Amino acid sequence: MRKILIVSSAIAIFGICLLFYLAKTSKPNFVPLSEIDSTYIGKTISTSGRIVSVNYNKGNIFLTIYDKNSSINVPIFSNVAKYLNVNFKKGQKIVVSGVVDEYKGKLQIIPRKTSDIKVVE
């Protein structure tokens with residue numbers, strides 16, 4: 001009985017460690033901006049586009065990015081924005097990862113940490 005308890009505990013600890021490792025190292029799927037629709041709400045994805053508008057409000061940064069004929073809002077809330085050392089400008093191309101959500105009928109991608117936003121040109 002004691003051996004079963006030890007083996008079960010070891011397997012449980014290994015499983016928890018494996019889940020933690022996978023959560024830290026997995027990357028979200030890349031989805032072209034033109035393919036993002038309401039089926040992605042609640043999912044974590046990555047996409048890219050050029051900045052067409054930048055607005056700052058009470059420590060938050062609100063970007064709109066586009067790619068060809070599609071656009072999406074990227075609200076960067078103050079808990080993330082205060083750690084960013086980036087001066088966003090119209091025309092910059094960025095890659096953003098985050099959770100797709102809907103606000104006032106429009107889709108948005110909400111980055112959760114600074115590494116979710118990268119200026120690529």
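**Figure 1. Salt bridges in the predicted model.** Two salt bridges are found when the whole structure is searched, a salt bridge being a side-chain nitrogen of Lys or Arg within 4 Å of a carboxyl oxygen of Asp or Glu. The structure is a predicted model, in which local features need pLDDT of at least 70, side-chain atom pairs count only at pLDDT 80 or more, and totals for chains, interfaces and linings use all residues. Residues are numbered from 1 along each chain as its sequence is written, and side-chain values use heavy atoms, with hydrogens and water left out.

**Figure 2. The salt bridge of Glu121 with Arg50.** The closest N and O atoms of Glu121 and Arg50 are 2.4 Å apart. This pair links distant parts of the chain, 71 residues apart: Arg50 belongs to strand E2 (residues 44-57), and Glu121 to the segment after strand E7 (117-119). Helices (H or I, at least four residues) and strands (E, at least two) are DSSP runs, numbered from the N terminus. Glu121 is exposed, at a relative accessible area of 54%, whereas Arg50 is partly exposed at 28%. For these classes, buried means under 20% relative accessible area, exposed over 50%, and partly exposed in between (1.4 Å probe, protein chains only).

**Figure 3. The salt bridge of Lys113 with Asp116.** The side chains of these two residues meet at 3.4 Å, N to O. Lys113 is partly exposed, with 44% relative accessibility, while Asp116 is buried, with 7%.

**Figure 4. The largest pocket.** The space in this pocket comes to about 380 Å³. On a 1 Å grid over the protein atoms alone, a pocket is an open set of points where a 1.4 Å probe fits, with protein on both sides within 12 Å along at least five of seven lines; lining residues have an atom within 4 Å of a point. Grid points are joined across faces, edges and corners, and the volume is the space filled by probe spheres set on the points. The lining consists of 15 residues, and Ser26, Lys27, Pro28, Lys113 and Asp116 lie nearest the centre. Helix H1 (2-25), E2, strand E5 (93-103) and E7 each give two or more residues to this lining. By residue class, the lining holds six charged, five polar and four nonpolar residues. Ala, Val, Leu, Ile, Met, Phe, Trp, Tyr, Cys and Pro count as nonpolar, Asp, Glu, Lys and Arg as charged, and the others, Gly among them, as polar.

Figure 5. Gln108 is located in strand E6 (residues 106-110) and is buried, its relative accessible area being 9%. Apart from neighbours within four places in sequence, Gln108 is in contact (heavy atoms within 4.5 Å) with Ile72, Asn73, Pro75, Val99, Val100, Asp101 and Tyr103.

**Figure 6. Val86 and its separation from Lys24.** Val86 occupies the loop between helix H2 (78-81) and E5. This residue is partly exposed, with a relative accessible area of 33%. Between Val86 and Lys24 the C-alpha to C-alpha distance is 24 Å, and the two are 62 residues apart in sequence.

**Figure 7. The overall fold as context for the close-up views.** The protein has two helices and seven strands, in the order α-β-β-β-β-α-β-β-β from the N terminus. Its C-alpha atoms fill a box of roughly 65 × 30 × 30 Å along the principal axes. Of the 121 residues in the protein, 30% are buried.
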